Amino acid sequence: MQPLVVILFILSGISGLTLEVVWTRMLEHVFGATTLAVSTVLTVFMGGLALGSFLFGRIADRIRSPLLAYGILEGVVGVCALLIPALISGFYPDLNRWMVANLSNSFWQLSLVRFAAVAAVLIVPSTCMGATLPLLSRYVIKNQAHVRRVGSRVGALYTVNTFGAVLGVFLTTFVLLPNLGLAAANVTAATIDLGLFFAVAFWYLRESKGDTTKAPEDDEELDLDEILMGRAALAVAFTPAQRKMTAVAFFVSGLASMNLQVVWNRA
């Protein structure tokens, strides 16, 4: 795997979780630090990640330059990160006062309006974050000749991104917030995202001007469809029922994980 991709995904993970922690703290100042308020932010954030992964996972194979698309989305996240604090501080306090005055007697109305308010701010950047894994996965396996290595490469991407996320939470909690504060931590993460955009754009321009006939890592290049549909990739055939059971298992696993996060935070 190219060192560039490893660096990109580590920094992407650091930035993503830094922004999640920072935005949660900012919204807590407005909506409160109750379990419901924190869970609302978590739901919108994770929902955006899932939406981005779903949408771009379906079209990643048709994107001519997935690396450039990744860089553009990171730039969008960076711009959103710079705008969100002003929106939260300038608009949400008045909205929260209106909600408390008019909806405090209706639990469901208050919850839905709060959810909509948080979603209006976080859904775009979180969806862009969710798109990064399918896009970079497509870039990594585009010229991967050995089918047996595809799974390990995609798994390595996920591992690297998760490591970056852990590092981002640690640095934000123990370094950035105590020493620099919310605003500076937010700008730091936004700077990382914008830096990723410019780095990818520079890399793309340099590659587009160079020799594009470079051979892949191995002797033979396989088309993505051959990788995904060929006999080597389907050495073990799964029935529709088995595929549905796999999807259900992943769904239940994610449900349990987020439930435990909320419960442990509450405890």
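Of the 267 residues in the protein chain, 38% count as buried. The model is a predicted one. The accessible surface of the chain comes to about 15,400 Å², and carbon and sulfur atoms hold 67% of that area.

The chain contains 9 helices and 0 strands.

**The nonpolar core**

The largest nonpolar core has 53 residues. Trp23, Phe31, Tyr70, Tyr92 and Leu122 have the most contacts inside this core. The elements that give two or more residues to the core are helix H1 (3–31), helix H2 (35–59), helix H3 (66–103), helix H4 (107–130), helix H5 (132–141), helix H6 (150–179) and helix H7 (182–209). H3 gives the most, with 12 residues.

Tyrosine 92 can be followed in more detail. Leaving aside neighbours within four places in sequence, tyrosine 92 is in contact with Leu27, Val30, Phe31, Leu87, Ala117, Val118 and Val121.

**Helix pairs**

| Pair | Distance between axes | Angle |
|---|---|---|
| H1 and H3 | within 10 Å | roughly 5° |
| H4 and H5 | within 5 Å | roughly 25° |
| H2 and H9 | 11 Å | about 150° |

The angle of about 150° belongs to H2 and helix H9, which spans residues 240–266. This makes H2 roughly antiparallel to H9, because an angle over 145 degrees counts as roughly antiparallel. The crossing of these two helices, H2 and H9, is right-handed. On the H2 side of the pair the residues are Thr35, Ser39, Leu42 and Met46, and they meet Met258, Gln261, Val262 and Arg266 in H9.

H1 and H3 cross at roughly 5°, and the two are therefore roughly parallel to each other. The cut-off for that label is an angle under 35 degrees. From H1 they include Leu4, Leu8, Trp23, Leu27, Val30 and Phe31. From H3 they include Leu67, Tyr70, Val77, Ile84, Tyr92 and Met99. Trp23, Phe31, Tyr70 and Tyr92 are also among the residues with the most contacts inside the core.

H4 and H5 cross at roughly 25°, so these helices too are roughly parallel to each other. Cys128, Met129 and Gly130 in H4 meet Thr132, Leu133 and Pro134 in H5.

**Two buried residues**

Threonine 40 is found in helix H2. Is this residue, threonine 40, buried or exposed? At 7% relative accessibility, threonine 40 counts as buried, because the cut-off for buried is under 20% relative accessible area. Not counting residues up to four places away in sequence, threonine 40 touches Arg114, Phe115 and Val118. Val118 is also one of the residues in contact with tyrosine 92.

Serine 111 is found in helix H4. With 12% relative accessibility, serine 111 counts as buried as well. How far apart are the C-alpha atoms of serine 111 and methionine 99? The separation between these C-alpha atoms is 9.7 Å, and serine 111 and methionine 99 lie 12 residues apart along the chain. Met99 is also one of the H3 residues in the pair with H1.

Technical notes. Residues are numbered from 1 along each chain as its sequence is written. This is a predicted model: local features need pLDDT of at least 70, side-chain atom pairs count only at pLDDT 80 or more; totals for chains, interfaces and linings use all residues. Side-chain values use heavy atoms; hydrogens and water are left out. Helices (H or I, at least four residues) and strands (E, at least two) are DSSP runs, numbered from the N terminus. Buried means under 20% relative accessible area, exposed over 50%, partly exposed in between (1.4 Å probe, protein chains only). Accessible areas come from the Shrake-Rupley method with a 1.4 Å probe; for residues, only the protein chains shown count as cover. A nonpolar core is a set of buried Ala, Val, Leu, Ile, Met, Phe, Trp, Tyr and Cys residues joined through side-chain atoms within 4.5 Å. Contact means heavy atoms within 4.5 Å. Axes are lines fitted to C-alpha atoms, for helices over the stretch in contact, and angles run from 0 to 180 degrees between N-to-C directions. Angles under 35 degrees count as roughly parallel, over 145 as roughly antiparallel, 65 to 115 as roughly perpendicular and the rest as oblique. A crossing is left-handed if the near helix is turned anticlockwise from the far one by less than a right angle, and right-handed if clockwise.
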